[in-house]
Structures are given as structure tokens and as C-alpha cells.
Amino acid sequence: MTLIQAQPGGGDRRTKVIVDNDFCGDPDGVFALAQQVLSANIDLRGIIGAHLGGGNGPMARGDQAAASVQKAQEMLSVMGLEGVFPVVPGASSKMTDPLTPAESEGAGLIIDEARLCSPEQPLYVCMGGPLTDVASALLLAPDIAPNLIVIWIGGQEYPFGHQQPWGGISEVEYNLNLDIAAGRYLFNDSPVRLWQVPRDAYRSCLYSFASAERFIRPAGALGAWLMDSLATWRRFAQREVYVLGDSPLVLLSSLQTFFEPDTASSDFTETAAPAITENGKYDFAKPGRIIRVYTRLDTALMFKDMEDKIALWGMTSNAK
């Protein structure tokens, strides 16, 4: 599958995207990254490897940001795309407080690319893990805020969403808990445009192992690599389905309508951002700016697009 470049005479109208994710953790991040890389209508300006805030995940030892970079580079190597996109580490640990940035190559990349964009043609920063790198970039360069749309997979349920799942789930959602200080800055102090996919929404992104066997595994070296990434978690889960919870990053940035571009097939509520407290909970008594909170995602489009792009890549690579 050939990556489409800008069309001659028409300018480059592709959506500019940076992907920031904890690829060293569970495999939903690399599934989303593969689909994003194969999305011809975006201009992928870089990939940032994020930390996991501690010792979580089978690869999360030592410098987790570096491990995330390694995982992303491994996938790009399988695809024959070494060196095509910048792949840099984000911060190696979370922010120490809401007003002290954690400087990194990733934060620098966000700043540099945002300054090449505008409010009308923004940079989409797709965050699948902690908010450390984008919060740090905004603290280091507040002038870039109008040029960004931050799409974040994270945060717990809202009163207008689904109820919390039963069975001892954490009150503070996992990705928010990876860096509460960064979440507090982004929600409480930053004016940046924020599209949030909270836990109840991303948990709806269930993909069956049977579908993965039918559509992903046959798709050449990439399909085999993705299935290998899923194997440990499949044995651990002992379920028929897995949550590919980072895939909405692709749906919301890359699968927008042509006329009057927007995320037309998914539902969201525009609401005042709650303040984030020191312990990571929402405080609705201190409303902030208006943000988007997604309540229903077009998983049919999202997963069909993923399957077809990976299958087409497999057909092209096998024909070489």
C-alpha cells in the first residue's frame, strides 16, 4: 500500500498529526499506530514514545519512553518505513507539579510542528497515554495553544456518560493517573482545544480475537507482527475480545468528513471542563472552558478501515 503524498497544484491539504503513546505497554497503541501510518489523508509529522508512569506492562522496565520508541521503530521496520517519520522519546517520567514542564525531544517536536500550523489548519496531537508531553509543550510555549487540537484517550466517566463498570475499577482512570499533574494543567489552566475520549467511550472499542485471526493475521509481516504483540495479552485476558481503546485517535483525526470536515459519524457533548483535583478526581464546581467529550464512537467504520488498510498493505507487500 503506497502512502499518498500531496497532490500537485492543490497544495497539501492533509491533516497534520503527531502521535504520542506508551507503545511499550499494551498493544492497542501499535494497532492504532499502524492504522494511522496507513491513513493517506494525514501528514504524520512525528511519533513520540511516552512513559507509563511506573512499572506497568511487559516491556516497561528502565526508560519507558525509550522502550516506546523502540516498539514504534520495530513496527516501522517491519513495514519498510525506517526513517520516514521522526520517532523521538517523550519525557521519561511524569511532571512534578502542574506548572513545571518535563522537557523532552517529544515536547520540542510538538512545539516546532505547532508553530508551522494555524488555528484554521491545526496540528492534531493524538495522545494515547499520559498527557505529559503535550502539557509540557504548552507550558514551555504557551503561544502554540491556538494551533493545536489535543485528542486524548483518558479520564473517567461523566454524569452524562455510562455508569462506571462494576467490579472494583479505579475511581481515577488509568491514563489520567499516569500523570495527574499534566492532566491538572491541561484541564485547569490551558486554553487548548481538547477532545476527550473518556473510559466509558474507549471501553466500547471491543475487537474480537476471531476478527483479528481472520483479518489481521493474514496481512503479511505487519499482520503477523501485530498478532505477536497481542499474543501475551490474549493469553492473559482469557476473553473473546480485547479493547483497542487507542483506535479512536485515528477515527477522530483521520476519518473525518470531506465537506465541512469533522467527526460526523461519532457523537460528542460539548461541556465545561471539570477541574482536576490533586488526587485526579473531577471537580464540577469549578467549570472551565468548553471541551468535547465523546460519548459514542463509530467503531464499525473505525475497525473496518483498520482491517482493510492492514489487509491492503499485506497484499501490496506480498506482491513485491
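**Helix packing and nonpolar cores**

The axes of helix 3 (residues 105-114) and helix 4 (residues 132-140) come within 8 Å and cross at roughly 60°. This is a predicted model, in which local features need pLDDT of at least 70, side-chain atom pairs count only at pLDDT 80 or more, and totals for chains, interfaces and linings use all residues. Residues are numbered from 1 along each chain as its sequence is written, and side-chain values use heavy atoms, with hydrogens and water left out.

Q: Why are helix 3 and helix 4 called oblique to each other?
A: Angles under 35 degrees count as roughly parallel, over 145 as roughly antiparallel, 65 to 115 as roughly perpendicular and the rest as oblique. The axes cross at roughly 60°, and the two helices are therefore oblique.

Q: Which residues make the contact of helix 3 with helix 4?
A: Ala107, Ile110 and Ile111 of helix 3 meet Asp133, Val134, Ser136, Ala137 and Leu140 of helix 4, where contact means heavy atoms within 4.5 Å.

Q: What makes helix 4 oblique to helix 6?
A: Helix 4 and helix 6 (residues 180-188) pack at about 55°, with axes 9 Å apart. That angle makes the pair oblique.

Q: What is the largest nonpolar core, and which residues have the most contacts inside it?
A: A nonpolar core is a set of buried Ala, Val, Leu, Ile, Met, Phe, Trp, Tyr and Cys residues joined through side-chain atoms within 4.5 Å, buried meaning under 20% relative accessible area (1.4 Å probe, protein chains only). The largest has 54 residues, and Val37, Ile47, Met75, Ile216, Leu222 and Leu226 have the most contacts inside it. Helix 9 (residues 220-237) gives the largest share, 6 residues.

Definitions and conventions. Axes fitted to C-alpha atoms, helices over the stretch in contact; angles between N-to-C directions. Helix = DSSP H or I, 4+ residues; strand = E, 2+ residues; numbered from the N terminus. Buried < 20%, exposed > 50% of the residue type's maximum accessible area, 1.4 Å probe, protein only.
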